[in-house]
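Please consider the structure shown below.

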Amino acid sequence: MEKEKREDENMQDELAEELTDSLPLLEEEGVTQRVMPMIPLRGLTVFPCMVLHFDIGRERSVCALEKAMMQNQTVFLAAQKDPETDLPTRDDFYYVGTIAKIKQMLRLPGDTIRVLVEGVERGEILEVIHEVPYFKCRVMEIPEPEIEDLDSEMVARMRNCLSTFEAYLSANPKLNDDIYGSVATVDQPGRLADIITSHLEMKIEDKQAVLEAFDVGERLELVSQLLLKETEILNLENEIGSKVRKQMDKSQREYYLREQLRAIQEELGVAEDIDEEILRWRKQVKKLRLPAKTAAKVEKEIGRISKIQPSSPEGGIIRTYIETMLELPWHKYTKDNTDLKKAARILDEDHYGLEKVKERVLEYLAVMQLSNGLKGPILCLVGPPGTGKTSISKSIARALGRNFVRMSLGGVRDEAEIRGHRRTYIGAIPGRIISSMKEAESMNPVFLFDEIDKIGADFRGDPASALLEVLDPEQNKDFTDHYLEAPFDLSKVMFITTANSVETIPQPLLDRMELIEVSGYTEEDKLLIAQKYLLPKEIKENGMQPGQLHLTEAAIRAVINGYTRESGVRSLERQIATICRKAARRIVEEKKKSVRVGEANLEHYLGKVRYRGDKLEGEDRVGVCTGLAWTAVGGTTLSVEVISMPGKGNVELTGQLGDVMQESARAGVSYIRAHCAELGISEDFHKDKDLHIHVPEGATPKDGPSAGITMCTAVVSALSGRPVRSDIAMTGEITLRGKVLPVGGIREKVLAAHRIGIRTVILPAENERDIEEIPANVRRVMEFIPVEEVGQVLEKALVR
Ligand code: ADP
C-alpha cells in the first residue's frame, strides 16, 4: 500500500514536470532548447523531413514514447553508436540527432510497438537529465536555414551530388531507379543531402557525419564524397562478382571437358592417371633415398601438382621438375676397376704414346686403392688440337670402369648455362652440369670439360667462377643448380679438362688443376698412329674387313706431308676416312676383293697434293729468314721477309703483328744501328734507307717476342746483302744489347721445323734443357745450336 501510494505521488510530480518540460526552456538569439524524452535507435539514422516507421520494444524506449504521447508527441531520436548494445548509457549514443513528431503508434502482439514518425529538424543533446525510467534530455534545436536564392556554387554542388547519386543508383541493383525522380525535384540543398543520404546503404558513422554537418554546403560536399566512395565499392563488388561467375563457368567447362577427355583416354587405354603418376613418383622418392631436404622439396612439388590442373602450363613445369629430380642418378655409383694391369692394357689399346697421361691415370688408380674415398684429381690436358685429349679421356673412363660424359665449354656464354635458370624463368632448364650428370647415370663418372681455355678467352667472370665452384673439392659436395634448388654431390666425379693453351685459362681455375702437357706428334708418331689406330678404326667404321684395304707406308707418309699440316692427327684421320669411304665404294661397285692404295694412286682418292710448298725451299736468299712460332694449334714455321730501299729511315711492319712483336722488331733494328761497323753495314742506313719487315700469312695475327732474332737476322741480311741459310730455323727473344733470351714451346717448334725438313735449329742457350723433351727419333737427326748473343746467330745463319 505504502509503496503504491509513493509511486502515485511520484507520478504526480513527474506529470507536473512534464507539462513544464514541453515548453521552450530558453530562447535567446534564436537558440531554442527543450526538455524531451529520447529514444536510442539501433542501426537507424532518422533525418529531418523523413517519414518512417520502426518497432520499439525496450522498456525505456516504450516509456519514453508514452511520455512523448502525453506531451506534444515530440521525441528526440539519436542513433546508438553500437546497435548491439542492449542497455545503452549516456555514452552509448550520438548527441546529435533528430527531433521528431510521432504520427501513429500501433501495439503489436508481444511487447513491441510500431511507431510512425516524421523528422522535424536536427537537434543536439546538451544534457542528459536522467536515464531511468527513460532518457530525458535537454535538447538544442538546430533549425535548417531556408535558402531562397541559391548561388551558382550551391547549384553546382547540388547538381554534382545528384549526378553522383544517379551513378550510385545504376551501380546498386537493389535500389529502384525511380527514386532519382523524386529526389531530383528537391530544391533545398540541405534537404537534398538529407534525402539522398537516407536512401543510401552505408555505415552509421557516415550517416551520422552527414547529420552532424550543419553547414549545408559542407553537407552536400560530404554526401558527394560518400556517394563516390560507395559507388566505387559497388562497382568493385559487381566486377568481382562477374569475375567469380565467369571463373565458375570456365572451370565448369574445363571440368566437363576434362571428364570427357578422361573418358576418351580411358576408352583408348592410353592415359596414366595423374593419381597413379603421383603414386609412382612417391614410390620413387622413397626408393631413391633422396637427402631429407631434397625429398621434402620434391614431395612439396608433388603435393602442388595434385592440387592444380596437371595439364596447365604450371602443371607442366612442375612435372618436368619432378621428373628431372627423379631421373638424376642419386646414390648410383659404378664400381671402379681396381686391376692396374687391365687398366694399362685398355689405355694402350686405345692410344699410342701419351705416356704422361697414362702414367698419371695408373697412379691415380693405385692411390685410390690404398686410400679409400680419395678426392678425384682434376687433370688438365694441354696441347694442340687432334692430339687425342678428348679420346684419351674417354679411354680413361673405360680403364677405370666408369661412365663418361663430355661437356664443351667453348661458346659457354653465361653462368646460367653451367648453373641453370631459376624456375621462375619461362622455359627454365637445369644447367649443363646437372644435365650431364643425368646423362652420366652415375654419381662418379669421368666428366670431361672440353676447351676450358675458351671460357676465359671469350667470357670472363661468371661462367668461370661457377666452374670454380664445380671444380673445388671443398665446395662441390653441395653444388647447387638454380633450377634444382637442391644440393647435388659432385665430389665423387673425376674431372678432366682440356685446353689448347694455358694462357687464357683464368688463374684461379688453373690453380685447381694438375697440368699434363700433351704435345704434337712427329711424322713417325703419326705414321704409327695411322697404322695401328686410325686405319683399323676407319676400316671398321666403313664396314670393311681388316684385309680389304691396304694403305702402304709410303702412302701414309704422303698423306701426312702432302695433305695435312697439323700437330695432331685430326685431319689425318679425316683423310684416312676419305680413303676408306672411296675404297668401300670401289669394292662394292667394281666387285673387288680388296683395294691397295699406294703413293702413286693416292691422288685418285684425295685429289691434288695440298702442301707441296711446305718442304724446304732449298735456296739461300737475302732478307728471308725462317723462324719458329708456337700457337694454340701447335708449332709452326714462320718466314720473315725484309727488304731495304732508298728512303729516309722509316721502318714499316706488316702482317698483323702484335705490339710485342713490333717492339721486338724495333729493338732488333736499334741493335743493328748500334753495331753497324761490326756487321759490315753502312752507318747511314737509318738516314737513306727505308725498311719493310713483313711476316706472310697476314690474315693470321701474330704476336710474342720469340721472333726477335729471326727478324734481326733478316734485317741484317737485307742491309748487308748476305743471304740467310735456308736450312736453318731459329727462335729466341732479343734484347737491345743483343742478348738472346729463352722462349717457350721448344718441343712443338722443333717438331714443326722437322716437319718441313729443316735439320738445324738455333735456340737460346737457356732453352737447351728443353731439348730432352723432344722425341728421341727427332732429336737424333737434328742439330741444335744454342746461342747467347745475336752475334752468334748471325755468324751461323748468314752465308759468308
Ligand atoms: P683433341 O681432343 O686433342 O683435339 P681428339 O681426342 O679429338 O683430339 O683426337 C682426334 C682423333 O685422333 C681421335 O679420333 C683420336 O682417337 C685420334 N688420336 C689422337 N691421338 C691419338 C693417339 N695417340 N693414339 C691413337 N689415336 C689418337
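The model is predicted: local features require pLDDT of at least 70 and side-chain atom pairs count only at pLDDT 80 or more, whereas totals for chains, interfaces and linings use all residues. Residues are numbered from 1 along each chain as its sequence is written, and side-chain values use heavy atoms, with hydrogens and water left out.

Helices (H or I, at least four residues) and strands (E, at least two) are DSSP runs numbered from the N terminus. Helix α23 (residues 659-674) and helix α26 (residues 708-720) have axes that come within 9 Å and cross at roughly 45°; axes are lines fitted to C-alpha atoms, for helices over the stretch in contact, and angles run from 0 to 180 degrees between N-to-C directions. The angle makes α23 oblique to α26, given that angles under 35 degrees count as roughly parallel, over 145 as roughly antiparallel, 65 to 115 as roughly perpendicular and the rest as oblique. From α23, Met-661, Ser-664, Ala-665, Gly-668, Tyr-671 and Ile-672 make the contact, and from α26, Gly-708, Met-711, Cys-712, Val-715, Val-716 and Leu-719, where contact means heavy atoms within 4.5 Å. By class, this contact of α23 with α26 has 9 nonpolar, 3 polar and no charged residues; Ala, Val, Leu, Ile, Met, Phe, Trp, Tyr, Cys and Pro count as nonpolar, Asp, Glu, Lys and Arg as charged, and the others, Gly among them, as polar.

The axes of α11 and helix α12 (residues 355-370) come within 10 Å and cross at roughly 160°, which makes α11 roughly antiparallel to α12. Leu-340, Ala-343, Ala-344, Leu-347 and Asp-348 of α11 meet Lys-358, Val-361, Leu-362, Leu-365, Ala-366 and Gln-369 of α12. The contact of α11 with α12 has 8 nonpolar, 1 polar and 2 charged residues.

The whole structure holds 8 aromatic pairs. Rings of Phe, Tyr and Trp (its six-membered ring) pair if their centres lie within 6.5 Å; planes under 30 degrees apart count as stacked, over 60 as edge-to-face and the rest as tilted. Trp-330 and Phe-488 form an edge-to-face pair, 5.1 Å centre to centre with 65° between the planes. This pair links distant parts of the chain, 158 residues apart: Trp-330 lies in the loop between α10 (313-327) and α11 (340-350), and Phe-488 in strand β12 (residues 487-488). Trp-330 is buried, with a relative accessible area of 6%, and Phe-488 is buried at 0%; buried means under 20% relative accessible area, exposed over 50%, and partly exposed in between (1.4 Å probe, protein chains only).
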